[in-house]
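Biologist: Could you walk me through this one before I start drawing figures? I have the sequence and the coordinates open.

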Amino acid sequence: MNREPAHLLTVKDLAVEYWTRRGIVRAVEDISFSLDKGETLGVVGESGSGKSTLGLSLIHLVPYPGRIIRGTILLEGQNILKFGNKETRDLRGRRISYVFQDPMTSLNPVERIKNHFIELIRTHEPKVTASEAITRTRKLFKDVGIQPERIDDYPHQLSGGMRQRVMIALALALNPSIVIADEPTTALDVIVQAKILDLLKTLQDTYGMALMLITHDLSIVLERSDKIMVMYAGRIVEQALSMTLYAQAQHPYSQGLLKSIPNIELAEQKLTAIGGAPPDLRNPPTGCPFWPRCPYIMEICKIKDPPLFQTSKDHFAKCYLYGGEKSS
Amino acid sequence: MQKKSKARKSMVSSLMPSLGSLAKRGLAGWLVIIGIVLVTAIVVVTMISPWIRPHDPSTILVGQPLVAPNSQFPFGTNDLGQDVFSRALSGGGIMLQVSILSVAICLLIGVPLGLFSSYAGGIVDRIFCLIMDSIYAFPGLVLAIAVAAMLGRGVTNMAISIAVVYVPSYFRVIRSQVLSIKEMPYVEAANSIGAKTRTVLSRYILPNVVPSIVVIATVNFADAILTAAGLTFIGLGVPVDIPDWGWDLTNGRRLLTSGAWWVITFPGIMIILLALGFTLIGEGLSELLNPRLEQ
Amino acid sequence: MTLRSYVISRIILTIPMIFILLTMVFVVIRILPGDPVLLHFEKAENLAAMEEMRHRLGLDKPIWVQYFEYVAGIFRGDLGESMQDYSPVAQQIWSAFPATMELAIFSMVVAVAVGIFFGVESSKAYNKPQDHMIRIFGIVAYAIPVFFLGMILQITLGVGLHLLPTGLRFNPTLSTPTGISIGNVHFSTGLYTVDSLLEGNIYKFVETLRYLFLPSLTLGLVLSGVFIRLTRSNMLETLRLDFVTAARARGLSENKVTYSYALRNAFLPVLTMMGLQFATLLGGAVLTETTFSWPGLGRYIVDRIGFRDYTAIQGAVVLFGIFVSVVSLVVDLLYAYLDPRIRL
């Protein structure tokens, strides 16, 4: 009997709904995956695919009017969703950290940078004095590549790239086992993007944390993650090791994503976009949510939502091309 | 014959659904409905009061003076033996007259001024703005008191005093609306085909400004009522023997020490309900027209 | 724009506004009714007395001369002479002005405190029953005539409970607080709270607060509606912002997030609103002072109306106007100083 070794993080059957005035939106559906120590997981999807909601669920911070309606999230064996207030706050920032998308708006504008750190450290480790906290902050700044003098500045005095480094430093301050980075580079310009991503990799080597990279840009995660989860309309449509995905993407959506990545080495290329638009999640189409845009639809696709088929050891695809009922 | 009745029918049916559709618009719609109900109820009650009140409100000694509310006099009697209930039913007349008049004056003066000034722009606009801002910054009631004191008592004078204070509000609202509309492409287009200023103002800008005018007018109504009450309290009210809530409040004040709470309470509640009615309409309309994106 | 240039331009802007204010008052009182002296005497009977008054008060001079003397007088601190006894208006309102200021300050404190407290509670309980109740309270509070609320409070808390005085500013059996003298210099603010503390007299201090309580509660409650709504909407907006979610994601407690993060960022608009509401506050103060027999500037004006003393009214109204302009200037400058985004 093959017993799988316990993972650092195991998510099973997670579903999240937003109860808005205009209807219930199923933002995340039927999500199961695992993450191991030091591993990098890439989560890819368009806006509205539910990837940010997924990230926030992992620290139990889905904003009103959202609710987690089903599933378990096991961190080192404990179900986060059953935590009380105190344990949840202990979890956030210390065991799992979150780096937000827009560094321009993620820091408190009326507070100096150093106070962000002092507050963070002393919230989780009350015995630490302010000066000890500042010392640790300076070290963190060195690790993320900001001059230590900047700790006295206000957020608006820093550039976008620097602010993102500050966010990363805050995320690492208490040595978490998992760092979730939600579109860490989308709000930055291209040159800074690469630097930040490299920084994350370096820090991972130093601090040894698991990293979850949430992005819409497949090219980022192809290079920098161990395995990738492709999301569409709140569901996982494909899960595979990065190299496998690159070589043999199976779900039509993932294939479309791959085809739309421009290749700088090709002199001329036609970029193929995926036609259509993501579905309205208040009224999703019956059957597979991707069928309106899929080049390979079969009759069954319009009727029944396909399950996640396992096509090889670490490869899963949610598509009738790989199993189940085929229409005759 | 048939055509006319059809036209009338469609006119009525175009008004009716608007009330029903208000209810569907959530909390804001309900606020407007409740407000309209309150205001209409009070206006109607005031108008039909001569027929529904149990006693003549001005007749003294219909009952013993200073009798607490009982079955015969549900709101009790005041120091002159007048029935407080009848006075509560009939006392809104002056206040309504004053507020309607002051709102009318504000509309007649504030709206054209605002339109003209903001559309003209330049130094003219700046001068008007400076004057209006200065009036606006001044404590409203103090200004109204000063004007009323100089003009003397009476419905028209009270209305003028109140209008002086609130014209700047109208001016500002109109002006900010016009400024934002002025830059819109369809106005530019109209100008480029040589439309006269008057046409542009009346055909393009004014219709878009109307919703804001309605909102500020309703809020203004509420303020006018409260200011009128305040002026009466100071002694600048209308010197007639007509039953008036404001006057009852002023008069009832000295009766408080003898514990006769009912003389001021009921007129006070009526004023609150009337002001509240207008405020709700204004709040609701404002929300409907510019929904706050709280989701 | 730098802080310095903002301060300078703001101060410069105040000057034309004050001039317009002065002119406005002049127009209303001297020009509007035609002849203020006639109004004072009501009937054109005693022509000789009327002429004498006109002459003594300088009201028989050409309008332009009157205007010039009026403005010049104000800069000297001369607010004219009373029609009743020709005594200088400025002296008459010498103690009335601090009384109004004290009432205004405490009422504003009540309004802001109540407003912030309920505004925060309301935002925390978004869309739940408490939220709706608080919002309704805010709307209704503004629809209550301030003097009506004052009278109700007088009956219930004052007379009914025998706890608090229902009129006057200070206990008539005691001497009023006058501040402290150090050497030859006498420090007195006219604010009884401050002066009694300067005197070191705690009993007088408590008495002052007892008399201040009902009037400032009345005025403060009526004004609080605006602050409740402002705080609530600012909090709701701020609580949705990224840096608040980011703070929660770092494990900070809800209390910390609500007060230290959201409220601090939502506070500056409250400050601006305080400045904007100050004029309304003073208007309400007039009615409150009348209700509670509070010897302030508002009650002075109301009394003078009874005496048809129009020059006195003019002087008092001018003082009101200048007071509001100065306060509004101070608030704007304070706001500019506090907002770190403007500083640099």
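**Salt bridges, an interface and helix packing**

Modeller: Bear in mind that this is a predicted model; counted over all chains, the structure holds 29 salt bridges.

Biologist: Which residue does Glu39(A) form a salt bridge with?

Modeller: Its partner is Lys227(A), and the closest N and O atoms of the pair are 3.5 Å apart. The pair links distant parts of the chain, since Glu39(A) lies in the loop between strand S2 (23-35) and strand S3 (40-44) of chain A, while Lys227(A) lies in strand S9 (residues 227-232), 188 residues apart.

Biologist: Switching to chains C and B, how many residues of each are in contact?

Modeller: On the chain C side there are 47 residues, in contact with 40 residues of chain B. The area buried between the two chains is about 4000 Å², with carbon and sulfur atoms giving 81% of it. Phe147(C), Phe148(C) and Met151(C) supply 14% of the area that chain C buries against chain B, which is more than any other three residues.

Biologist: And how many salt bridges does the rule find across that interface?

Modeller: It finds one between chain C and chain B, where the side chains of Glu283(B) and Arg229(C) meet at 2.9 Å, N to O. As for polar contacts, the count between these chains is three residue pairs, with both residues at pLDDT 80 or more.

Biologist: Which helices of chain C supply at least two residues each to the side that touches chain B?

Modeller: Those are H1 (3-31), H7 (129-143), H8 (146-160), H10 (202-239), H12 (254-292), H13 (297-306) and H14 (310-338) of chain C. Sorted by class, that side of chain C has 36 nonpolar, seven polar and four charged residues.

Biologist: Staying inside chain C, how do H12(C) and H14(C) pack?

Modeller: Their axes come within 9 Å and cross at roughly 170 degrees, and the two helices are therefore roughly antiparallel to each other. Among the residues making the contact are Leu268(C), Gly275(C) and Phe278(C) of H12(C), together with Phe320(C), Val327(C) and Tyr335(C) of H14(C). The contact divides into 14 nonpolar, two polar and no charged residues.

Biologist: What about H9(C) against H10(C), at what angle do they pack?

Modeller: Helix H9 (residues 192-199) of chain C packs against H10(C) at about 170 degrees, with the axes 8 Å apart, so these helices too are roughly antiparallel to each other. The residues in contact include Tyr192(C) and Glu199(C) of H9(C) and Lys204(C) and Phe205(C) of H10(C); by class, the contact has six nonpolar, three polar and two charged residues.

Note on methods
Residues are numbered from 1 along each chain as its sequence is written. Chains are lettered from A and ligands numbered from 1 in the order in which they are written. This is a predicted model: local features need pLDDT of at least 70, side-chain atom pairs count only at pLDDT 80 or more; totals for chains, interfaces and linings use all residues. Side-chain values use heavy atoms; hydrogens and water are left out. Contact means heavy atoms within 4.5 Å. Buried area is the accessible area (1.4 Å probe) that two parts lose on being put together, summed over both. A salt bridge is a side-chain nitrogen of Lys or Arg within 4 Å of a carboxyl oxygen of Asp or Glu. A polar contact is a pair of N or O atoms within 3.5 Å; within protein, one must be able to donate a hydrogen and the other to accept it, and residues adjacent in sequence count only if both atoms are side-chain atoms. Helices (H or I, at least four residues) and strands (E, at least two) are DSSP runs, numbered from the N terminus. Ala, Val, Leu, Ile, Met, Phe, Trp, Tyr, Cys and Pro count as nonpolar, Asp, Glu, Lys and Arg as charged, and the others, Gly among them, as polar. Axes are lines fitted to C-alpha atoms, for helices over the stretch in contact, and angles run from 0 to 180 degrees between N-to-C directions. Angles under 35 degrees count as roughly parallel, over 145 as roughly antiparallel, 65 to 115 as roughly perpendicular and the rest as oblique.
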